[in-house]
Amino acid sequence: MISVAAEQAAWAPRCMSMAARKLSLYQAKRDFTKTAEPSGRARVKPAQYPRFVVQKHAARRLHYDLRLEVDGVFKSWAVTKGPSLDPRDKRLAVEVEDHPLDYGDFEGTIPEGEYGGGTVMLWDRGFWRPEGSTNAAQALSRGELKFVVAGDKLKGGWVLVRLRQDRGKRHNWLLIKHRDGFEREGDGSVLDADRSVASGRSMQQIAQGKGRGPKPFMAADAA
Ligand code: MN
């Protein structure tokens, strides 16, 4: 019989190297001497439930980055028009590279000319879980993940469905709200709630570097 400690010791290095491997694309795309984005080396605190963040990102084109914590990284999608509470609005969600968990505390401005140059706001955050007893990684590899979020702005059930791939290198998905009482038919106002969940700041204040910084959610040294 293997002790829990021995089992953890056997698994820990492997899990870390798996997360590191998943983040190699994230790191290759960025020059950390030029951008203040996290390099993925900061410690994050453990949590009882997986976390999610949505970052409003005024890059070349405005979009909202949905990030779901799965197996030590943030699986990430750029939702071009942002999430909608109307189940009839199927929102395009372009799969992007895995992000490190400490990215979930990032709010600020990526310098122009750098990858993703533009201002980033922590628009929403909270906890999530797959619906039922689904394994998130398996559901994602199958191309359909039903999940529930408990955020400040987003709540209730959603589904991510992968579209059949047409020669592109990126995987395109649709993000759709379930009908569960948290939907709002014909009401696009959720995006009007345009203050940071972590600092209360507007995009303009963040861009100008004004106001207080974001209250951490992921960082291990957070209160
Ligand atoms: Mn982005």
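How many bridges join β3 to strand β4, and in which direction do these strands run?

## Strand β3 and its partners

In this predicted model, five bridges join β3 to strand β4, which spans residues 91-99, and the two run antiparallel. Within this pairing, Ser 76 has Val 96 of β4 as its bridge partner.

Strand β3 also pairs with strand β2 (residues 62-70): seven bridges join them, and they too run antiparallel. Strand β3 itself covers residues 73-79 and is mostly covered, with six of its seven residues buried.

## Overall fold

The chain contains four helices and nine strands. Read from the N terminus, the order of these elements is α-α-β-β-β-β-β-β-α-β-β-β-α. Among contacts between residues at least 6 apart in sequence, 58% join residues at least 24 apart.

## Dimensions and surface

The radius of gyration of the chain is 18 Å; this agrees with a compact globule, because one of 223 residues would have a value near 17 Å. Along the principal axes, the C-alpha atoms fill a box of roughly 60 × 40 × 40 Å.

Of the 223 residues, 44% count as buried. The accessible surface amounts to about 12400 Å², and carbon and sulfur atoms account for 51% of this surface. The chain carries 38 positive and 28 negative charges, whose mean positions are 2 Å apart.

Technical notes: Residues are numbered from 1 along each chain as its sequence is written. This is a predicted model: local features need pLDDT of at least 70, side-chain atom pairs count only at pLDDT 80 or more; totals for chains, interfaces and linings use all residues. Side-chain values use heavy atoms; hydrogens and water are left out. The radius of gyration is taken over C-alpha atoms; the globule rule is 2.2 Å times the number of residues to the power 0.38. Buried means under 20% relative accessible area, exposed over 50%, partly exposed in between (1.4 Å probe, protein chains only). Contact means heavy atoms within 4.5 Å. Accessible areas come from the Shrake-Rupley method with a 1.4 Å probe; for residues, only the protein chains shown count as cover. Lys and Arg count as positive and Asp and Glu as negative; His and the chain ends are not counted. The place of a charge is taken as NZ of Lys, CZ of Arg, CG of Asp or CD of Glu. Two strands pair if DSSP finds at least two bridges between them.
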